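Hi,

Here is the structure I said I'd pass on.

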Amino acid sequence: MQDFVQLWVYLSTTPLFGLTATIVTYVLAQALYQRVGQAPWANPVLWTVLVLAVLLTVSGTPYPRYFSGAQFIHFLLGPAVVALAWPLWQRRGELRRRLGAIMLAGLAGGAAASVSAVALGWALGLPDELLRSLAPKSVTAPVAMGIAEQIGGIPALAAVFAVLTGLIGAVSGKYLFDAIGGLSMQARGFALGTASHGIGAARALQVNPDAGAYAALALGVQVLLASLLMPLVARWF
Amino acid sequence: MPILIGLAWLLVCQSAGELLARLLRLPLPGPVIGMLLLLFVLAWPRVREPVAAVADALLAHLSLLFVPVGVGVMTHLALLSQYGMRMLVAIVVSTWIGLAVTALVLRALLRRAPDSA
């Protein structure tokens, strides 16, 4: 028994633990997601995060110790953003023809998401710091952190809001689109990438290649627009 | 081997993006500039096959990459429980507004100017 405890103490302090736990849990969550026909409620990120959070809490493992292993996965977010160039390049002709519509829809949707989040939060009496962390929530997490820092929010919270926003879009988007009706795969994908960044885009990429390419495009457009415009707009408040 | 060559291209573009962002003080994050650089590099046919191999592999599991940040939510449970319901309302409702506005605006614009091809 003593040996086992020592062994666990050793394992839980190496980066191997965080990496193994993340990948094994995700593989299981992904298997469940496939088994239920990719139903939005079975979103693999949602369940992996929940299971890992419970696991860390129950075993008393602090988050930084977990992250020492998980950082190897986290690091790949950067190259993944660069890799979005590939689905864009494949559809370059179509995208060039529709560039005006795409930029306008991205601007309208991104502004609507950000302004409504801040306005609702303000109406509900949230403190200024939280409002400033809410503003960039529909931009992918690493970028949202940078923007929040620039406009006086809390970077770590901005990342949390961005992840929650992504999950909400990925889980509930399909039902909202079905309720509106008459939306093409392109419009659905583009909306998911705009309002729910990478997590929404990941869902779109799994469901349909057209939706996926438009979601990847929307994610890029949102990053460009938000990092250029948000610091300017925030100066007025 | 193609995957490794493709990964090298992604990392080179990302590093160049980080350098440009810092040297020119651009307001854009390094990986986003890297994405724009890769779009130019892809005009060269030899690059396409390796980049396609690694991009398809990486983007197929894009959602896995958000797990480490997502688990970080647990470090903010105190704040979340203090303002939890109000923040959740603001986040959920604004996400739906963002989704609906984007989809409806794009649909209206594409309908007005249908694809000529």
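Below is what I found, starting with the conventions.

This is a predicted model, so local features need pLDDT of at least 70 and side-chain atom pairs count only at pLDDT 80 or more, while totals for chains, interfaces and linings use all residues. Residues are numbered from 1 along each chain as its sequence is written, with chains lettered from A and ligands numbered from 1 in the order in which they are written.

**Domains.** Bounds come from an automatic or database domain assignment. Chain A is divided into domain 1 (2-75) and domain 2 (81-234), with 26 Å between their centres, taken over C-alpha atoms. Six residues from domain 1 of chain A and eight from domain 2 of chain A make the contact; two residues count as in contact if their C-beta atoms, placed from the backbone, lie within 7 Å. Chain B gets domain 1 (1-60) and domain 2 (67-117), and there the centres are 27 Å apart over C-alpha atoms.

**Between the chains.** 87 residues of chain A are in contact with 60 residues of chain B. On the chain A side, helix α11 (residues 155-180) gives the largest share, 15 residues. Helices here are DSSP runs (H or I, at least four residues), numbered from the N terminus. By class, that side of chain A has 63 nonpolar, 20 polar and four charged residues (nonpolar: Ala, Val, Leu, Ile, Met, Phe, Trp, Tyr, Cys and Pro; charged: Asp, Glu, Lys and Arg; polar: the others, Gly among them).

**Helix α2 of chain B.** Its buried residues include B:Gly30, B:Val32 and B:Leu38, where buried takes 20 or more other C-beta atoms within 10 Å of a residue's own, placed from the backbone. They pack against α5 (77-83), α6 (85-90) and α13 (209-234) of chain A together with α1 (2-23) of chain B.

**A:Pro142.** This one sits in helix α10 (residues 141-150) of chain A. Why does A:Pro142 count as buried? Because 23 other C-beta atoms lie within 10 Å. Leaving aside neighbours within four places in sequence, A:Pro142 is in contact with A:Leu77 and B:Pro29.

Cheers

Note on methods. Helix = DSSP H or I, 4+ residues; strand = E, 2+ residues; numbered from the N terminus. Buried ≥ 20, exposed ≤ 12 C-beta atoms within 10 Å, placed from the backbone.
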